[in-house]
Amino acid sequence: MKVRLDVKQLQIGHYIYLPLKWDQHPFLLNSFKVKNKEQLNIIKQLGLSSITIDALKSDVHELPDAQCDSDSRVDIPSENPPTTVETLALDEMWQKKQQSCNQFAAIEDRIHRSKEAFTNTLNDVEEIFAIDDPSKKPSISKSLAIVNFIYKNIDTESGSAIHLMNDSVGYSRLHYHSLNAVS
């Protein structure tokens, strides 16, 4: 059950949905459970007046304000600057997020390179099957070169190369199947 709360009412244990774009906050996800004071303080410093929580996914039990312990409720006036610990935590979160972005960019680059190599190899297999004249038999060395290339590519780029085996768009099924059977 989603409920809209004033940011000042936010507590550790609330499962929140940030109404910001992914690059406008230091968290890896836009929805998560608040785990500690640092996260709570950072959320409160994002300049939001209210936030959506999921009461069913939250571990906060509503207590009267007088009974709330000081560890689970943190009210920080927005005009107070963040402490050194909070600033360090915020910087660390931004660094982790940047590292994650760099890792995903590297994966996308490997997939792109593997896709190009796969396409080129598929074209070579297509050429071998296109030979109609029996006297122009495909060379064994060319076939072995294709197999060796596939082996080296899968050995070094296993995740991205195997990912491509499901993508047969625009290719004859016979050629595509032949290349996958070799792989």
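I shall speak about the chain as a whole, then the sheet, the core and the salt bridges. Please bear in mind throughout that this is a predicted model.

Let me begin with the overall architecture. The chain contains 5 helices and 4 strands. Read from the N terminus, its elements follow the order β-β-β-α-β-α-α-α-α. The chain has 183 residues, and 31% of them count as buried. Its accessible surface is about 12200 Å², with 55% of that area belonging to carbon and sulfur atoms. As for contacts with a separation of 6 or more, 70% of them come from residues 24 or more positions apart.

I turn now to the sheet. In what order do the strands lie in the sheet? The order is β1-β4-β2-β3, in an open sheet of 4 strands with antiparallel pairing. The edges are taken by β1, residues 2–6, and β3, residues 31–33. Each of these has a single partner strand, so one side of each is left without a neighbour in the sheet. On average, and with direction ignored, neighbouring strands are turned by 35 degrees against each other.

One pairing may be looked at in more detail. Strand β4, residues 50–54, pairs with β1 in the antiparallel sense over 5 bridges. Within this pairing, Val 3 has Ile 53 of β4 standing opposite.

The largest nonpolar core has 16 residues. Which of them touch the most other members? They are Leu 10, Ile 16, Leu 18, Phe 27, Phe 32, Ile 43 and Ile 51. Helix α1, residues 37–44, and strand β4 each supply at least two residues of this core. The greatest contribution is that of α1, which gives 3 residues.

Neighbours within four places in sequence are set aside here. Phe 27 is then in contact with Leu 18, Trp 22, Phe 32, Gln 39, Ile 42, Ile 43, Leu 46, Met 93 and Lys 97.

I come finally to the charged pairs. How many salt bridges does a search of the whole structure find? The search finds 3.

One of them joins Lys 33 and Asp 59, whose closest N and O atoms are 2.6 Å apart. This pair links distant parts of the chain, 26 residues apart: Lys 33 belongs to strand β3, whereas Asp 59 lies in the loop between β4 and α2, the helix of residues 84–130. Lys 33 has a relative accessibility of 27% and therefore counts as partly exposed.

Another salt bridge pairs Glu 92 with Lys 96, at 3.4 Å between the closest N and O atoms. Both residues lie in helix α2, 4 residues apart, or about one turn of the helix. Glu 92 is partly exposed at a relative accessible area of 43%, and Lys 96 is partly exposed at 46%.

There remains the salt bridge between Asp 109 and Arg 113, with the closest N and O atoms 3.2 Å apart. Asp 109 and Arg 113 are likewise both in helix α2, separated by 4 residues, about one turn of the helix. Asp 109 counts as partly exposed at 40% relative accessibility, and Arg 113 is partly exposed with a relative accessible area of 41%.

Thank you for your attention.

How values were computed. Residues numbered from 1 in each chain as written. Predicted model: local features only at pLDDT ≥ 70, side-chain atom pairs only at ≥ 80, totals over all residues. Heavy atoms only, no water. Pairing = 2+ DSSP bridges. Axes fitted to C-alpha atoms, helices over the stretch in contact; angles between N-to-C directions. Buried < 20%, exposed > 50% of the residue type's maximum accessible area, 1.4 Å probe, protein only. Contact = heavy atoms within 4.5 Å. Areas by Shrake-Rupley, 256 points an atom, 1.4 Å probe, with all protein chains shown as cover. Core = buried A, V, L, I, M, F, W, Y, C linked by side-chain atoms within 4.5 Å. Salt bridge = Lys/Arg side-chain N within 4 Å of Asp/Glu carboxyl O.
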